[in-house]
Amino acid sequence: MKKYFSIFISFVLISSIFFLFKNTSLVLESVIKGMEIWKKNIFPSLFPFFIIAHIMIEYGFIELFKELFKPLMRFFKVNPNASFVLAMSILSGSPSNAKYTKELYQKGLLSKGEAEKVLTFTFFSSPLFILGTLSLTYLQNRSLGLLLFVCHYLSNFLIALLFRNYSPSSSTGQDTKIHLKKAIGQMWQTQKQKNIAVIIVKSIKEALDVMLLILGSVTFIFIVTAVVQDFLPTNEYINATIKGILEMTQGLQALSVLPLSSFHQGLLSVMILSFGGISIYIQIISILSDTDLNTTPFLIARILHAGLSGCLFVFLYELTM
């Protein structure tokens, strides 16, 4: 089996080389498109959050989030330390959840099973992207964008419910009372031992490393999309589907110009949002590449997420639109 797989990979690589020489202009166009998406949408929405989140981790803010989200984490049988990943992922969007989870795992604040579980239900598209770019620029429908936001986010918590008994944490404890004074005291003790200048420099370096990884992944997927479309005869519907499976942003953009009803546009959009695309999966793998974390549960959760968000959309669309 491995022999045939190796032959297949070799064939793909050789074909890709011929394609690069044959379609130089198309490849360059794909690279430029990928870099534009990264420059205009991904970098501005993620880079500041990566820096701020790393500073917060080093400065002991995990203790505060742990206390605030303690009842919710206990219900989902998740280590309270994961509440920081949940909160920051909601604000900044994916693949930030992988970066935050990796940092907590490497600091020993999450076990291997706990980290893999956290990754399954902290996959959020940026609220700025959904409520701004998607709803106003692509779909030009604020109400539909708000419904997509609700379905995408709510279905993530359904994923947490489905994975509730997967690697249940032993750190939840019985105490559900929130001790803010204690958390603030622990934060203060942590901050006294830290040098803010060193932390900021380290945060910027690590954030830039991750952003460059994301840039490479997005650009690669754009080239793959161009290769697939060149080899396969496609119409505009198949084209939008291929783009959505490979890379979320270009898929949503292609979908928005199709002559579809708002219901069908919304349904397909929320499923693409929740699946995330192969590009996101590659980014997650890249970020976690120097750990032993298994990304299979994350991939399974994305397939479930797409189905659940689609079902929620069908149900809520009839009630609200």
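Contact here means heavy atoms within 4.5 Å. The structure in these views is a predicted model.

**View 1. Helix α9 and its buried residues.** Helix α9 covers residues 142-162. Its 21 residues should span 30 Å at 1.5 Å a residue, and the end C-alpha atoms are 30 Å apart, so the two values agree. Among the buried residues of α9 are Leu144, Leu147, Leu148, Cys151, Tyr153 and Ile159. The buried residues of α9 pack against α5 (83-92), α7 (112-121), α8 (127-138), α14 (262-275) and α16 (296-320).

**View 2. The N-terminal end of α9.** Asparagine 141 caps this end of the helix. One of its side-chain oxygens lies 3.3 Å from the backbone nitrogen of serine 143.

**View 3. Helices α5 and α6.** Two packed helices are described by the angle between their axes and the distance between the axes. The axes of α5 and α6 (residues 96-106) come within 9 Å and cross at roughly 155°. Angles over 145 degrees count as roughly antiparallel, and α5 and α6 are therefore roughly antiparallel to each other. The crossing of α5 past α6 is right-handed. On the α5 side, Val85, Met88, Ser89 and Ser92 meet Ser96, Asn97, Tyr100, Thr101 and Leu104 of α6.

**View 4. Helices α13 and α14.** Helix α13 (residues 248-256) and α14 have axes that come within 10 Å and cross at roughly 175°. That makes α13 roughly antiparallel to α14. Met248, Leu252, Leu255 and Ser256 from α13 meet Gln265, Leu268, Ser269, Ile272 and Leu273 from α14.

Terms used:
Residues numbered from 1 in each chain as written. Predicted model: local features only at pLDDT ≥ 70, side-chain atom pairs only at ≥ 80, totals over all residues. Heavy atoms only, no water. Helix = DSSP H or I, 4+ residues; strand = E, 2+ residues; numbered from the N terminus. Expected span 1.5 Å × (residues − 1). Buried < 20%, exposed > 50% of the residue type's maximum accessible area, 1.4 Å probe, protein only. Polar contact = N/O pair within 3.5 Å; in protein donor to acceptor, adjacent residues only side chain to side chain. Axes fitted to C-alpha atoms, helices over the stretch in contact; angles between N-to-C directions. Parallel < 35°, antiparallel > 145°, perpendicular 65-115°, else oblique. Left-handed = near helix turned anticlockwise from the far one by under 90°.
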